[in-house]
Amino acid sequence: MNEKNLIPFNGTEVQEKELMEVIAAHRDQDGGLMPILQKAQGIYGYLPIEVQTMIADGLGISLSEVYGVATFYSQFSLTPKGEHRISVCLGTACYVKGSDKILEAVESKLGIKSGECTPDGKFSIDSCRCVGACGLAPVMLVDEDVYGKLTPDQVDGILKSYLDK
Amino acid sequence: MTIAELNKIRDEYHDLVKVRKIVAEEGAKLAEKTGYRKQILVCGGTGCTSSGSKKVLEALESELKKQGLDKEVLVVRTGCFGLCALGPIMIVYPEGVFYAQATPEGVVRVVDEHIKNGNVCKDLLYKETVHEDGSINPLSQTAFYKKQKRIALRNCGVIDPENINEYIATEGYQALNKVLTEMSQDDVVQCLLDSGLRGRGGAGFPTGKKWMFAKGAPGDVKYVACNADEGDPGAFMDRSILEGDPHSVIEAMTIAGHTIGANKGFIYVRAEYPVAVQRLEIALGQAREYGLLGKNILGSGFDFDIEIRLGAGAFVCGEETALMTSIEGHRGEPRPRPPFPAIKGLFGKPTLLNNVETYANIAQIIRKGADWYASMGTATSKGTKVFALGGKITNVGLVEVPMGTTLREIIEEIGGGIPNGKKFKAAQTGGPSGGCIPAQHLDTPIDYESLGAIGSMMGSGGLIVMDEDNCMVDVAKFYLNFTVDESCGKCTPCRIGTKRLCEYLEKITEGKGTMEDLEKIEELSNHMKSSSLCALGQSAPNPVLSTLNYFKDEYIEHIQNKHCPAGVCKSLLSYEIIADKCKGCTLCARNCPVKAISGTVKNPHVIDQDKCIKCGVCMSNCKFNAIVRK
């Protein structure tokens with residue numbers, strides 16, 4: 001088993017109470033599972049098996065159904081993400097302008113691959129398919145900040161600026 | 001709200017918005033009437049926000065306040081103007097001058113010199129709008145805007161999307177009133193049929209027919225849905241419409257609800273578009289407050305409301321049946337058709353599903369008539385189409401042109417051609433489902449049929465331009481990687497076919513391909529096209545087949561000579577140090593991430609080819625041009 005999956009679940013009572021309110025609000029809605037998963041990920045940052053179990057129990061559906069939906073969509077993550085989430089756009093407009101080299105630069109700088117999190121939990125890297133800022137290609141997001149018209153040599157400076165945040 | 005109240009708001013806000021459409025003296029006269037001497041429009045679309053328009057807006061508002069001008073100058077945050085590459089964008093009316101790449105510092109100057117003292121800061125304007133003699137060209141006369149015809153985008157970059165009154169001022173919700181009071185349901189369907197409008201999501205199915213089927217389907221409960229899951233990477237027209245003119249979609253969906261007999265609508269929008277979602281929520285709230293959504297709309301007795309559902313990052317959910325499965329809260333897998341959604345759609349009920357851009361045309365067709373719309377375009381494709389221009393092109397952004405405009409006009413005239421003096425190689429339309437169009441077909445007039453005839457498709461409107469530095473085998477591999485990731489896995493031809501196709505392409509880009517592989521690629525592609533469950537699998541081979549058709553030489557060069565002509569495919573490249581040019585500065589050796597470069601100070605260095613990962617860091621660091629890529 002992957003070591004990253006062994007990070008123990010440490011949800012708080014406050015989080016659980018919040019999740020229960022979300023479940024109650026969407027319980028009777030047609031197709032309410034997706035909005036619940038989205039909000040649950042907002043509460044916990046990811047969707048560990050413990051959270052999926054609470055949702056399954058709360059809705060009275062099987063865990064496999066929850067797991068099936070949670071693993072189908074790329075937005076949902078079953079493992080924790082870094083304190084700062086890096087997302088390099090690999091959409092077409094960014095790709096033809098060399099965003100693969102941006103991703104390589106980030107990966108080599110942090111010593112992890114896309115989809116992974118640094119051991120200190122500071123950064124995680126993901127790739128995404130188009131944030132719609134094609135005018136600025138190639139584009140990278142760190143948390144909510146968009147960096148456009150990037151070259152690989154700018155990556156180091158950008159990452160450093162987050163180390164103290 | 002009654003129609004009289006609606007008209008009152010329209011008349012009250014009419015001049016304020018009109019100032020943004022007429023410029024110079026006439027606009028100035030009108031501006032005096034509105035109480036605002038000047039209006040400053042700042043783009044608040046995703047592109048400009050990413051390039052810092054929020055800071056520009058804050059600086060502008062605080063400077064105006066500081067100078068005591070905030071009562072006579074109106075600041076409006078609009079949606080996308082289209083010229084995303086030049087963001088943040090700012091336009092000042094009634095002059096209609098266009099400031100490009102605005103900065104907080106520049107804004108302070110504009111307020112001081114232009115707004116206060118009447119001297120336009122010409123050095124900060126978009127350079128295409130300033131003549132050599134110093135006179136200023138209106139924006140509508142620049143190469144980028146001159147050939148455009150903005151219908152779906154008519155309000156984007158013009159109105160404040162968070163203010164329903166400004167939408168009403170542009171005849172907003174008048175089409176809804178017309179449908180509720182003057183037209184029968186059949187009239188609406190007939191009007192759409194006559195207009196020739198076809199689905200803008202990609203497939204191009206006649207919209208009127210879709211409405212007719214949904215209207216005719218038996219059932220007490222029906223739904224209207226809007227596909228805003230714009231998944232084609234590089235396409236952002238739907239996002240811009242939602243961000244710039246959300247009420248146009250809400251009005252059209254309400255019209256659709258009345259026409260087919262539905263009381264509830266869903267908008268399925270990508271979670272990756274937070275700004276669009278936020279503006280939609282604001283717009284829905286305002287429409288409800290005005291009674292333009294909810295019970296007894298405009299006193300007609302018709303009830304309708306709309307709910308937003310967020311996607312979660314699955315490309316296949318742009319397919320209509322998968323989208324509905326996703327709204328229902330399941331894995332977004334497509335289902336076989338028939339039954340078509342018009343008969344059995346969301347929650348098993350008859351459902352009318354249209355794309356954002358399609359809806360954005362509806363209210364105007366109802367107001368101005370089918371003949372007006374049908375007068376634009378080609379024999380089979382009427383009206384206009386929005387394209388998202390991206391890739392190796394000067395004016396990256398959003399353009400709307402009449403159907404029948406040629407690719408050359410879009411790329412060379414509106415798009416301003418290829419930057420850095422590079423040579424055009426191909427234009428890609430239709431995203432992962434489309435194909436690459438080579439130079440010899442640039443004069444093809446764009447419509448659904450002609451793009452299909454040259455091996456591509458209209459798709460949702462992404463148009464990515466590639467130059468001589470792009471390898472077409474690599475581009476095909478890029479798209480296949482995408483479809484491998486995004487195939488939902490339900491049907492075998494797509495799940496396994498995309499993976500196998502991708503493996504062939506990997507083999508070729510690594511220099512291990514054979515000529516026989518090219519035949520196998522075609523055979524496999526044809527199987528996938530004929531036997532995949534949904535359009536994702538059926539069209540996934542298109543990027544491969546079209547590049548193989550038009551750029552076969554490049555494939556053969558990779559296979560027979562183990563050479564990538566564009567210098568992209570890493571396995572076929574090598575970096576070498578020219579001993580005569582190397583000064584032995586050691587910079588390359590120090591920067592090499594895998595320590596593949598050896599040598600002593602002031603002596604020529606050498607790259608160990610076995611260790612080299614071909615990242616190119618050495619070449620970009622070398623100050624003496626001593627490193628070459630072969």
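User: Which residues make up domain 5 in the domain assignment of chain B?
Analyst: The model is a predicted one. The domain assignment of chain B gives domain 1 as 14-139, domain 2 as 164-374, domain 3 as 384-467 and domain 4 as 472-560. Domain 5 of chain B comprises residues 574-629.

User: What distance separates the centres of domain 1 and domain 3 of chain B?
Analyst: The centres of these two domains of chain B are taken over C-alpha atoms. On that basis, domain 1 and domain 3 of chain B have centres separated by 31 Å.

User: How many nonpolar residues are on the side of domain 1 of chain B that touches domain 3 of chain B?
Analyst: The contact takes 5 residues from domain 1 of chain B and 5 residues from domain 3 of chain B. On the side of domain 1, no residues are charged and 1 is polar. The number of nonpolar residues there is 4.

User: Is the packing of H1(B) against H2(B) parallel or oblique?
Analyst: Helix H1 (residues 3-18) and helix H2 (residues 24-34) of chain B pack with their axes 8 Å apart, at an angle of about 140°. Because of that angle, the relation of H1(B) to H2(B) is oblique.

User: Which residues of H2(B) make the contact with H1(B)?
Analyst: The crossing of H1(B) and H2(B) is left-handed. H1(B) contributes Asp15(B), Leu16(B) and Lys18(B) to the contact. By class, the contact has 2 nonpolar, 1 polar and 3 charged residues. From H2(B), the residues are Leu30(B), Lys33(B) and Thr34(B).

User: Which strands stand at the edges of the 4-stranded open sheet of chain B?
Analyst: The strand order in this sheet of chain B is S7-S6-S5-S8, with parallel pairing. A strand at the edge has a single partner strand, so one of its sides is left without a neighbour in the sheet. The two edge strands of chain B are S7 (305-310) and S8 (351-355).

User: What is the bridge partner of Val269(B) in S7(B)?
Analyst: Strand S6 (residues 264-269) of chain B runs parallel to S7(B), and 6 bridges join the two. In S7(B), the partner of Val269(B) is Leu310(B).

User: What angle does the direction of helix H15 of chain B make with that of S8(B)?
Analyst: Helix H13 (residues 274-289) of chain B lies across S6 and S7 of chain B, at about 165° to S7(B). Helix H15 (residues 356-368) of chain B also packs on the sheet, where it touches strand S5 (223-228) and S8 of chain B. The direction of H15 makes with that of S8(B) an angle of about 95°.

User: Which strands are the edge strands of the open sheet of chain A?
Analyst: This sheet of chain A has 4 strands in the order S2-S1-S3-S4, with mixed pairing. Each edge strand pairs on one side only. The edge strands of chain A are S2 (123-128) and S4 (145-147).

User: What is the bridge partner of Arg85(A) in S2(A)?
Analyst: Strand S1 (residues 84-89) of chain A and S2(A) run parallel and are joined by 6 bridges. Within S2(A), the partner of Arg85(A) is Ser124(A).

User: How many charged residues are on the side of chain A that touches chain B?
Analyst: The contact involves 32 residues of chain A and 42 residues of chain B. Helices H2 (33-44), H4 (63-72), H5 (92-95) and H6 of chain A each give two or more residues to the chain A side. That side has 16 nonpolar and 12 polar residues, and the number of charged residues is 4.

Notes: Residues numbered from 1 in each chain as written. Chains lettered and ligands numbered in written order. Predicted model: local features only at pLDDT ≥ 70, side-chain atom pairs only at ≥ 80, totals over all residues. Axes fitted to C-alpha atoms, helices over the stretch in contact; angles between N-to-C directions. Parallel < 35°, antiparallel > 145°, perpendicular 65-115°, else oblique. Left-handed = near helix turned anticlockwise from the far one by under 90°. Contact = placed C-beta atoms within 7 Å. Nonpolar A, V, L, I, M, F, W, Y, C, P; charged D, E, K, R; others polar. Pairing = 2+ DSSP bridges. Domains from an automatic or database assignment.
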